Amino acid sequence: MGQLDTTRQPGCELCVTDGGFLVMRNLKLRVIRVLDLDYPGFYRVIWNDHAAEFTDLPTADRVYLMEALAKVESLVREHLHPTKVNLASLGNVVPHLHWHVIARFADDKHFPQPIWGSTQREVASSHWDGMRAELKALDIAIQAALN
């Protein structure tokens with residue numbers, strides 16, 4: 001993956017793969033777009049070095065990560081105009097520090113429930129075709145903001 005650290009853990013999916021469509025990577029973190037047909041505005045901000053918990057990072061790195069997360073959220077809002085943006089850090093399955101940034105819309109499958117909650121309505125994946133057309137511009141904006 002081009003990481004310079006030696007903290008990668010065998011068997012940790014986020015240590016050995018990008019974790020989705022790679023939008024940008026620098027020495028500290030990467031941003032990927034989750035390829036989810038129901039949630040096209042779903043990104044993850046992933047710390048490159050293996051760290052299970054936010055408090056495993058030194059203070060300066062925690063600040064850097066939060067600033068990057070805020071930039072991604074701001075750009076998702078600017079480009080996609082969601083009803084809400086969900087931010088979550090849920091490393092229960094993969095104990096590797098990452099944040100979910102999920103654009104939510106009043107007409108998505110689960111709104112107002114979390115995307116991992118009970119389905120509230122059926123939505124054809126073609127419903128999001130117009131939004132998918134906007135994702136390249138959003139990806140480029142994220143790259144420019146974080147590189």
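Reader: Which residues of S5 are buried on one side, and which on the other?

Author: First, the ground rules. This is a predicted model, where local features need pLDDT of at least 70, side-chain atom pairs count only at pLDDT 80 or more, and totals for chains, interfaces and linings use all residues. Residues are numbered from 1 along each chain as its sequence is written, and side-chain values use heavy atoms, without hydrogens or water.

Author: Buried means under 20% relative accessible area, exposed over 50%, partly exposed in between (1.4 Å probe, protein chains only). Strands (E, at least two residues) and helices (H or I, at least four) are DSSP runs, numbered from the N terminus. In S5, His 98, His 100, Ile 102 and Arg 104 are buried on one side. Trp 99, Val 101 and Ala 103 are buried on the other. Seven of the seven residues are buried, so S5 is largely enclosed by the rest of the structure.

Reader: Which strand pairs with S5 in the antiparallel sense, and over how many bridges?

Author: Two strands pair if DSSP finds at least two bridges between them. S3 pairs with S5 over five bridges, antiparallel. Ile 46 stands opposite His 98. Strand S4 (residues 84-88) also pairs with S5, antiparallel, over five bridges. There, Leu 87 has Val 101 as its bridge partner.

Reader: How is a pair of aromatic rings described?

Author: By the distance of the centres and the angle of the planes. Rings of Phe, Tyr and Trp (its six-membered ring) pair if their centres lie within 6.5 Å; planes under 30 degrees apart are stacked, over 60 edge-to-face, the rest tilted. The count here is two aromatic pairs. Trp 47 and Tyr 64 have centres 6.5 Å apart and planes at 70 degrees, so they are edge-to-face.
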